[in-house]
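Work through the exercises below with the sequence and the coordinates at hand. Each task is followed by a stepwise solution.

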Amino acid sequence: MREDEGSSWFWDIIRRANGQASALREILWEMDESDIARFHEEFVRTSSVLRGEPFDQMLGQEVSEDGLMDIAYWVVAQGRDFYTSVIEQPETIPRGVELGDPAVMHHVTVEVFDEKFGKELDFF
């Protein structure tokens, strides 16, 4: 597995969160500062693979940059197997994500980091 496709540690946390932002919040709350920062970095790096070619081209002009980010974050939140299947078959990337879907959880790490340590965590 490539470095930008996440570690086993990262994917285990994603599996335990089970596509639920609230579950991810509970998991992260038990971690120390360096582990939360590491998780955030892996989440952003792993999802960034889905924001470039060929995925951006498949989704076309009808999907905004923010929409593409939400789709990428959602795909990662579905777990390693789903993520890998989308990497291997780019045409299967979802064309959108429901507003309010609990699997759109990119914001959770930033919120927990701020609430727990009173510090900002770079979003992107």
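**Exercise 1.** Which residues does Glu42 touch, not counting residues up to four places away in sequence?

*Solution.* This is a predicted model: local features need pLDDT of at least 70, side-chain atom pairs count only at pLDDT 80 or more, and totals for chains, interfaces and linings use all residues. Residues are numbered from 1 along each chain as its sequence is written, and side-chain values use heavy atoms, with hydrogens and water left out.

Step 1. Glu42 sits in helix H3, residues 33–48. Helices (H or I, at least four residues) and strands (E, at least two) are DSSP runs, numbered from the N terminus.

Step 2. Read off the partners. Glu42 touches Gly6, Ser7, Trp9 and Phe10.

Step 3. Check the burial of Glu42. Its relative accessible area is 5%, so Glu42 is buried. Buried means under 20% relative accessible area, exposed over 50%, partly exposed in between (1.4 Å probe, protein chains only).

**Exercise 2.** Is Gly6 buried or exposed? Locate it as well.

*Solution.* Step 1. Gly6 belongs to the segment before H1.

Step 1. Gly6 has a relative accessible area of 9%, so it is buried.

Step 2. Take a C-alpha distance. Gly6 and Val44 are 38 residues apart along the chain, and their C-alpha atoms are separated by 9.8 Å.

**Exercise 3.** Which residues of helix H1 (residues 8–17) are buried? Describe how they are arranged.

*Solution.* Step 1. The buried residues of H1 are Phe10, Trp11, Ile13, Ile14 and Ala17.

Step 1. Look down the axis of H1. These buried residues fall within an arc of 155°, so they line one face of the helix. The arc is that of the directions from the helix axis to the C-beta atoms.

Step 2. Turn to the face away from the buried side. That face of H1 carries the exposed residues Ser8 and Arg15.

Step 3. Find the cover. The buried residues of H1 are covered by elements including helix H2 (21–29), H3, helix H5 (65–77) and helix H6 (80–88).

**Exercise 4.** How many helices and strands does the protein chain have? Go on to its overall dimensions.

*Solution.* Step 1. The protein chain has seven helices and zero strands.

Step 1. The radius of gyration of the protein chain is 14 Å, close to the 14 Å that the globule rule gives for 124 residues, so the chain is as compact as a globular protein of that length. The radius is taken over C-alpha atoms, and the rule is 2.2 Å times the number of residues to the power 0.38.

Step 2. The C-alpha trace spans about 40 × 30 × 20 Å along its principal axes.

Step 3. Of the 124 residues, 40% count as buried.

Step 4. Among contacts with a separation of 6 or more, 73% join residues 24 or more positions apart.

How values were computed:
Contact = heavy atoms within 4.5 Å.
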